[in-house]
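Me: I have a structure to read and some terms to settle. Can we take them one at a time?

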Amino acid sequence: MKLHELRAVPGATRAPKRKGRGTATGQGTTAGRGMNGQKSRSGGGVRPGFEGGQMPLYRRIPKRGFTNIWGTEYTVLNVEDLNKFEAGTVVTPEMIQEAGLAKQVKDGIKVLGNGTLEKNLTVQAHKFSKTAIEKIEAAGGKAEVI
């Protein structure tokens with residue numbers, strides 16, 4: 001069986017109701033909307049979240065915090081992840097992204113000191129933690145801030 005040969009089991013699907021196509025169908029005249037009222041009119045109905053004048057849920061729930069629009073968000077990377085590269089390599093943010101260690105470089109890359117580094121690498125990043133710098137230099141490498 002191939003994808004283009006797939007079919008639904010007979011009786012599994014139904015034709016949609018054809019509303020407003022005459023009284024003989026049973027869905028003519030008002031087309032299943034009833035007689036009068038807001039929902040029977042074209043364009044009628046209430047907006048999403050409206051609760052009939054009651055204070056809506058999204059306004060009853062307390063709000064906390066704020067989003068700092070000038071804040072910087074770094075893509076975090078650990079020292080142990082850098083073992084993927086060959087010894088003596090100059091590791092740049094582009095190389096980190098190509099190697100699949102970071103999906104996207106947000107406002108920069110910050111290297112943290114979790115794990116151990118066995119290779120001497122020159123790492124170029126936007127920020128380093130103190131322990132990351134110590135571990136990179138202990139392995140014989142260099143930490144360069146871009």
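This is a predicted model: local features need pLDDT of at least 70, side-chain atom pairs count only at pLDDT 80 or more; totals for chains, interfaces and linings use all residues.

Me: Where does Lys 19 sit relative to helix H1?
Reply: Lys 19 lies in the segment before helix H1, and H1 covers 57–60.

Me: Why is Lys 19 called partly exposed?
Reply: Its relative accessibility is 44%. Buried means under 20%, exposed means over 50%, and partly exposed is in between. So Lys 19 counts as partly exposed.

Me: What makes the patch that holds Lys 19 one of positive charge?
Reply: Its members are Arg 14, Lys 17, Lys 19 and Arg 33, gathered on the surface. Lys and Arg count as positive, so the patch is positive.

Me: How do you know that strands E2 and E4 pair?
Reply: Pairing needs at least two bridges. Two bridges join E2 (residues 90–91) to E4 (residues 122–125), and the strands run parallel. Val 91 has Val 123 of E4 as its bridge partner.

Me: What joins E4 to E6?
Reply: Four bridges do, again with parallel strands; E6 spans residues 142–145. Here Val 123 stands opposite Ala 143.

Me: What order do the strands take in the open sheet?
Reply: Three strands form it, in the order E2-E4-E6.

Me: Why are E2 and E6 called edge strands?
Reply: Each of them pairs on one side only.

Methods: Residues are numbered from 1 along each chain as its sequence is written. Side-chain values use heavy atoms; hydrogens and water are left out. Patches are made of residues with over 30% relative accessible area and no salt bridge: like charges are joined within 9 Å, nonpolar side chains (Val, Leu, Ile, Met, Phe, Trp, Tyr) within 5 Å. Accessible areas come from the Shrake-Rupley method with a 1.4 Å probe; for residues, only the protein chains shown count as cover. A salt bridge is a side-chain nitrogen of Lys or Arg within 4 Å of a carboxyl oxygen of Asp or Glu. The place of a charge is taken as NZ of Lys, CZ of Arg, CG of Asp or CD of Glu. Buried means under 20% relative accessible area, exposed over 50%, partly exposed in between (1.4 Å probe, protein chains only).
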